[in-house]
Amino acid sequence: MAVWLLLRMFPARVVDRAVEQCGRGGQRNRLLPPRVVVHFVLAMCLFPGWSYPEIVKLLAEAEAEAGVRGGLPVTPSELPTTAAVSRARARLGPDPLKVLYHDAARMPAGGPGSLLAGAGQFESAGRLDEPREHRRRTVTLDVTALTLPDSPQNLRQFDGSRPPHDTGSRPQARLVGLTVSDSRRVLDATVGSTAGLAPATAQVLAGMLRPADVLMADGALVSPAVLAHLRRAGVDVLWRVDGTAPAGPDHLPDGSYLSTVAVGPGSAGHTVVRVLGPAPDAVPDIVVDPPGYLVTTLLDPHVGPRDALLSQYLGRWTIRDALGAPWPGSHRGAHSLRSRWPEGVEQELWGVLLVQHALRMLTPSATEAIRFGGAQARPGNAVSSGPSLTRR
């Protein structure tokens, strides 16, 4: 049933449109056309512990049940091999999954098949208790780790993310994501090594933010260059700084005060900010080491009240939330991917984001039936398992 629902939520014409948009429509393969490969990647991300043959068999059965034309054969001897599926994934690349995600994220929620309802509608994030012209969109810039297979291709691309002299650990990619809290949408995401974190940050930000947005981030991602770029674009920033908050002179009416902070580790540059106080912890009674405090470029407390900003920061929706909880057996608690080449890593990433987005769109009763990352049954068995900011 789980794969059948994915076929309903991402039907042939929606997938074919994304494939054509990426110039992959000319890839004609009798057994594994691009649309079938997209559905395979989604099923693979829904059942991360399953082998390729098991997923192929499950997808073929779901296509037959849903009456999909041009799908996989149902005869076991005619099903594609693992090698054939791997080659088809490489031909497809990551772009169709990325385009499909952004198409899906713009559609209104409402259950299976809703991707086709209200095409072109997009409700920008904002508080519903504010008039549309006064809404300020809050977005989060966040980074998390992805554990990858120890393949030669992944090592060449991501080996810089391994601790020095730790040749026994698996390579890790750093996933930088830009997310919108209210609409639970990923604006963009990019994968790179630790050494490529700054370029990845710039890539995610480029063209995705708009004037009057409020960006929430950890201080490690707010470099002097990034902050200067954001301010020129009219974007305000709310970020966490490690250490103890500097003493301030006169407090503003909401308890915050103006000060200056160094921007970025080891930077000699300073900027005027408003200090809000200690950074709130997401988990009560857990002491964060090192301690930190929140600062913002929103200097007017009437535009960004302290309590509203603290509430927004505490309730921010991050790229880790978009990925969902790591499934059982994940390496060192990080999300583990199975792809053995960098483009496959990116393709699988967008597949995971699509599956998680689909699960959030389903009704609670349907979501209970296909818990992602839980104890999954093998083929043939049942599957078990704040205040607002105003614009001035």
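Tutor: First, the terms: buried means under 20% relative accessible area, exposed over 50%, and partly exposed in between (1.4 Å probe, protein chains only). Helices (H or I, at least four residues) and strands (E, at least two) are DSSP runs, numbered from the N terminus. This is a predicted model, where local features need pLDDT of at least 70, side-chain atom pairs count only at pLDDT 80 or more, and totals for chains, interfaces and linings use all residues. Residues are numbered from 1 along each chain as its sequence is written, and side-chain values use heavy atoms, with hydrogens and water left out.

Student: Which residues of α8 are buried?

Tutor: In α8, residues 197-205, the buried ones are A200, T201, V204 and L205. Seen down the helix axis, they fall within an arc of 130° (taken from the directions from the axis to the C-beta atoms), so they line one face of α8.

Student: And what does the face turned away carry?

Tutor: That face of α8 carries the exposed residues A198 and P199.

Student: What do the buried residues of α8 pack against?

Tutor: They pack against the strands β1 (138-147), β2 (172-180), β3 (185-192) and β4 (214-218), and against helix α9 (224-232); contact means heavy atoms within 4.5 Å.

Student: What follows α8?

Tutor: G207 follows, with a positive phi near 75°.

Student: Is C45 buried or exposed?

Tutor: C45 is buried, at 3% relative accessible area. C22 also counts as buried, at 18%.
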